[in-house]
There are 4 protein chains.
Amino acid sequence: MSSSSSSSEQQAPAPSAPLVAPSDTKLKCGILGCTGAVGQRFVLLLQGHPFFEIAVLGASERSAGKKYKDAVSWMLDSPLPQAVANVPVVLCNPEEFSVCDLVFSALDNIVAGPIEESFATANIPVFSNAKNHRLDPVVPILIPFANPEHIDVIPKQREAKGYKKGFIVTNANCSTTGLVIALRPLHEAFGIDKLFVVTMQAVSGAGYPGVSSYDIMGNVIPYISGEEDKLVVETNKILGRLSEDKSEFVSADIRVSAQCNRVGVLEGHTECVSIGFGKKVTVDEVKAVLRKCESPSSDLVLPSAPKISLALTEDCTRPQPRRDADCGHGYTVTVGRVRECELFCIKMVVLSHNTVIGAAGGSILNAELARVKGYL
Amino acid sequence: MSSSSSSSEQQAPAPSAPLVAPSDTKLKCGILGCTGAVGQRFVLLLQGHPFFEIAVLGASERSAGKKYKDAVSWMLDSPLPQAVANVPVVLCNPEEFSVCDLVFSALDNIVAGPIEESFATANIPVFSNAKNHRLDPVVPILIPFANPEHIDVIPKQREAKGYKKGFIVTNANCSTTGLVIALRPLHEAFGIDKLFVVTMQAVSGAGYPGVSSYDIMGNVIPYISGEEDKLVVETNKILGRLSEDKSEFVSADIRVSAQCNRVGVLEGHTECVSIGFGKKVTVDEVKAVLRKCESPSSDLVLPSAPKISLALTEDCTRPQPRRDADCGHGYTVTVGRVRECELFCIKMVVLSHNTVIGAAGGSILNAELARVKGYL
Amino acid sequence: MSSSSSSSEQQAPAPSAPLVAPSDTKLKCGILGCTGAVGQRFVLLLQGHPFFEIAVLGASERSAGKKYKDAVSWMLDSPLPQAVANVPVVLCNPEEFSVCDLVFSALDNIVAGPIEESFATANIPVFSNAKNHRLDPVVPILIPFANPEHIDVIPKQREAKGYKKGFIVTNANCSTTGLVIALRPLHEAFGIDKLFVVTMQAVSGAGYPGVSSYDIMGNVIPYISGEEDKLVVETNKILGRLSEDKSEFVSADIRVSAQCNRVGVLEGHTECVSIGFGKKVTVDEVKAVLRKCESPSSDLVLPSAPKISLALTEDCTRPQPRRDADCGHGYTVTVGRVRECELFCIKMVVLSHNTVIGAAGGSILNAELARVKGYL
Amino acid sequence: MSSSSSSSEQQAPAPSAPLVAPSDTKLKCGILGCTGAVGQRFVLLLQGHPFFEIAVLGASERSAGKKYKDAVSWMLDSPLPQAVANVPVVLCNPEEFSVCDLVFSALDNIVAGPIEESFATANIPVFSNAKNHRLDPVVPILIPFANPEHIDVIPKQREAKGYKKGFIVTNANCSTTGLVIALRPLHEAFGIDKLFVVTMQAVSGAGYPGVSSYDIMGNVIPYISGEEDKLVVETNKILGRLSEDKSEFVSADIRVSAQCNRVGVLEGHTECVSIGFGKKVTVDEVKAVLRKCESPSSDLVLPSAPKISLALTEDCTRPQPRRDADCGHGYTVTVGRVRECELFCIKMVVLSHNTVIGAAGGSILNAELARVKGYL
């Protein structure tokens, strides 16, 4: 299969260069749930970050008191960064994180709800990967490449919740994230009406140890608990708009039908999508929009943002998770096989890195946006 | 994941017993293209068959003249049957097959067209797995569990083509086969209007050596050449009806949109389907139809037919290709996750064994049906 | 790769037929640890067994009180047998198993030791898959295809332990089992001196959920805790002899060096072996011994024993775990690539089904042997 | 599994910086066999190389005349470099390569022999990945991290073969390369006597399309044609010495026994090794040698050489191919699990990237060494 020119651009390194942090002092951040799969990804992605430096690592009682290297069962292919190897792990209480300007939460949803609230109450902004507060009417599901304007609900949230300096910003579920980044420019240009999506999701989306090798080797599991509903609800909140007075989210009112599958892939969720618009749209029009697509936040300089948030490939055998998930260091979403749909309007394939842009990386972008917009 | 009661029934062995061949003499059959993946599957499935015995093995010039065991690069997990190990391979000319009452064709579509016609002209009925004649208006795409009545186009075919005793019967493409077996009872009961299908197909569907391990390991390839069109066209021909005078096929006029993917699975195509009917239908009504479903040909005794051609599972994590493809020795299609669709009417997952019911086994069932109906 | 004639024989079905149980009443058996991977395999393999029928299912407090189908997370590809689906699970106390004539133990080694002893003390013989008692000087590591005579230590064990009717028989570790079945006839014929073995072991050997898919997909893990030592110690006990007064085991005194690896295989341990004998032996002599090899217990009729316990293949690309592990329904060990070793005498590859002959199936054979020899 | 400190150092980027090419003009190189798997890897690794720039791309008649992007079926996960996409492919005749100062050969061994000789005769030095000339007594099997001094056979080769400016340098077989890089310092320090090696080799070692997914998925193939002999012969030539008059290679006289397996891994050969020395050596002594090991050519500045050519890990679960093959951008060999052997002296596990250091990257290092040593 020959490689398209677009795909080579996609992998251009994220612009490392002419970025100036809003202030010359790095903010101190903490990580809640630092030992799990997403927590490890936070640790990795925050190494050498221009805005943030890891100050405190938090986990459950089982890990508290140990050095990070002893508490964690490191599973990422890149090695555990030496800088944090000997950092002592503490409990996830706000008092332990008093030096922090913000925390990233990789907590399990069984405990995330009240813990995250306690941090916001204690004036520590929370950038969460957990699902608990996503459906709260004053908490945004924020994706800088899709709905950066939703961040401006924060004043309303503070008012409603009685937070002073704190607040909670969530990211989307991993299978929603890639989808809405690809859909946002099309929704803006043409108005999406209805949407079929069938996912083929990587095992890393299930955490660690996650999916048993005995279950998934040479197999497909046509079910992921709760995933299909998340795609319906989150897509409509994210692609909806923030009301003019910035007090509430108005649903995008897209009819969504989702089917979710687990496949034997390490990283990268692949999604087959069929889209209906309110009007007739051609394949060329869709491609033109995707091609010129730059992230809605591109005028804001976010250090982790790739050169392009969305890449379009003309190679009919792409995108493929193993070959394309790392595009833009895992921050770029790749779209391919844009073609007519016999039933709706357009069919296409969307691929995203589920643990970078779809999890820890997404929350880091959210914190970068908050910093640039003055909320941090 | 706990196992449903239905899935245990599914794997009941095919009824080996009280079957009597229409006559007590077995028919002699040949295999065209005996060295490829489908050819090997024909060889395996025809061992000890009550109606047919392998008399001649045909392949290309590269193999002709060798013993079968030396010509073939045997790739199936079950071993090469000793009974055919030393059979000499001949060229695929009708003269070489003059002792045969019928042939099964596993020929590559690059050569299948004229060779299959030459056999039909030479009074040797052809049961083909190749796509070449599928769209011929007087050649049936036959699936005994879906459209057994289509076999009755044979007299018209003979008349139109000038065949005396010969004829050509094709089976469907592997991804179509499982789908239409699951859809037939629903189409009959409720009338299908429109259909979304996203497939996750096994590597064995690509033949042997087929898909390079370097391409598919830990990966998904969101493209299979020509596959999506076949799903559209073949589904409509198979679910359509044979005209009253048995001279032509009337399309089912179902609007179909398909997206096809290759996944790292050995055997078994998984398909996520959304179905729209002409009227409102409930999940319970759909399940009731599927549950009582017996193959339309169940009053005819076909030796390879399983106890049930269609199994319904209530285990929400099933069907899975590695665990369910062998159901009914690969002849039973399994349906699961029947639920409401937010856009159409019903969503469900369909699984079938792509090289048994979806390829060689399907052609064998076709020949069994032809035998029972007196066309052989 | 063409298939050898031997490999086709290997897969002949286990003789289902003319076996008569020593008495016409089946013995009642229990399963300790019925919900784990090995426990499930016991349940599956004991369906329709001619000697034994499952009477009681035991597990930990978490499962006790539930129906089996609700307590178990069934992971085998064959479905959960309906006959046991609604059997209530009890705690692993001898009182709960008072109707049992014997128990099979699939207990975790963290708890197996004292529980198994309590059953033996309570006059219920134990056939264990756990490692706890394997190194006890009066407990045999029994493999009917390798050292059936070791069963005769039972009287001495009863005397030493104060058991009346009870006793404990263990099977070997999964990676040892296949190896010693292949080595026994060679050790008998030529006397093995020293042995290199490098294993490539299936994920099912780690239980369920066992190995995380994130760790093993597309990977090799060159370490299995404790495994290399087991290969050294167990091999010497099993290939050693029972003293003439049947009171102790005399080590075979073979120098063994083992390296153990986990690979992305579902079932079937592959082992690359180099063997040194006390004298010069040719490849042909080794093959001759393996070929005529029949299990040492072949004069005893064991219902689960395959036609041949050891198969020799001349196909240089075999044995392969996915294609050969099921040989003899998982009870036959396959040996291939027998050739000269530049350093020792002979190199070869040994393959065995690690959860059938290497785990549950091995214990069932042990109980069958005990029954036939009058210990049950 | 916790990560060792050494493994984090290993992945430090290759020193990109303070390297000065011997002259400030880059040499023009050609690639013979540019469309295959190794040819593609040459193309990728030579992008932006400080010494060499690709001037001509050669392949067989099937490809000649096409643009590279149209001739190649690009299979690497990194995209096809745009700089060569439109380069026309020519036939592998020296005349077509007259502008070249050197060529890299990724030719198939069926044709490599005479073609490579014709280039050497035409005054174009050849750095070959093919096996054809490896056993020629005046052609070195060169690995700068193992036997850099062997390059000095070139004058003798020119004399013997009648080459003027041309010569042929080969690299080792992929499974030999990693092994000898790990063994060289031990052989130098202690003198290796005998060696057992069992390999678990990645599918990329078989080229492209190479191993069929149907053969290797969930499987192990215990055979790679010719591989075991190469390990025996090449290891002895490479670890042997060049005679004082630089006219011939003296074998290392190590007794080697090898068993080679293909496993379902993408990149990275894992090798379980047992080593016997001429004297008693402790684990600590071995580790000390490996730890202080720097490549024998480390005083020569080779641009592609990693900071360390050999890394030692103390994590008992490492090295693993998926996690460690990319160490040093694929140029660093990782050794782990160094421990006592019950039979020989030391057991350990060696891992190397089979298509970087084990193939194309190895040849590039050879050309870099030739450049620095004045042979180019």
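1. Let's begin with a word on pairing: two strands pair if DSSP finds at least two bridges between them. Helices (H or I, at least four residues) and strands (E, at least two) are themselves DSSP runs, numbered from the N terminus. With that in hand, look at A:Arg339, which stands opposite A:Lys347 in strand 15 of chain A. Strands 14 and 15 of chain A pair in the antiparallel sense over five bridges, and a hairpin of five residues joins strand 14 of chain A to strand 15 of chain A.

2. A note on what you are viewing: this is a predicted model, in which local features need pLDDT of at least 70, side-chain atom pairs count only at pLDDT 80 or more, and totals for chains, interfaces and linings use all residues. Residues are numbered from 1 along each chain as its sequence is written, while chains are lettered from A and ligands numbered from 1 in the order in which they are written.

3. Now the overall build of chain A. Chain A has twelve helices and 15 strands, and its C-alpha atoms fill a box of roughly 60 × 50 × 40 Å along the principal axes. A compact globule of 376 residues would have a radius of gyration near 21 Å, and the 20 Å of chain A agrees with that. (The radius is taken over C-alpha atoms, and the globule rule is 2.2 Å times the number of residues to the power 0.38.) Of the 376 residues in chain A, 60% are buried, meaning that 20 or more other C-beta atoms, placed from the backbone, lie within 10 Å of the residue's own.

4. Next, find the open sheet of chain A, where six strands lie in the order 3-2-1-4-5-6 with parallel pairing. Strand 3 (89–91) and strand 6 (168–170) of chain A are at the edges with a single partner strand each, so one side of each has no neighbour in the sheet. Strand 5 (residues 126–128) of chain A runs parallel to strand 6 of chain A, joined by three bridges; here A:Ser128 stands opposite A:Thr170.

5. Strand 14 of chain A (residues 333–340) has a parallel link too: three bridges join it to strand 13 (residues 310–312) of chain A. In this pair A:Ala311 stands opposite A:Thr334.

6. Two helices deserve a look. Helix 7 (residues 174–190) and helix 12 (residues 356–372) of chain A pack at about 90°, their axes 8 Å apart; axes are lines fitted to C-alpha atoms, for helices over the stretch in contact, and angles run from 0 to 180 degrees between N-to-C directions. The two helices of chain A are therefore roughly perpendicular, the word used for 65 to 115 degrees. Among the residues making this contact are A:Cys174 of helix 7 and A:Ile357 of helix 12 of chain A. Contact here means C-beta atoms, placed from the backbone, within 7 Å.

7. Finally, the neighbours. How many residues of chain A are in contact with chain B? There are 34 from chain A, meeting 34 residues of chain B. Strand 11 (255–263) of chain A is among the elements supplying at least two residues to this side, and strand 11 of chain A gives the most, with six residues. The contact between chain C and chain A takes 15 residues from each of these chains.

Technical notes: Contact = placed C-beta atoms within 7 Å. Parallel < 35°, antiparallel > 145°, perpendicular 65-115°, else oblique. Buried ≥ 20, exposed ≤ 12 C-beta atoms within 10 Å, placed from the backbone.
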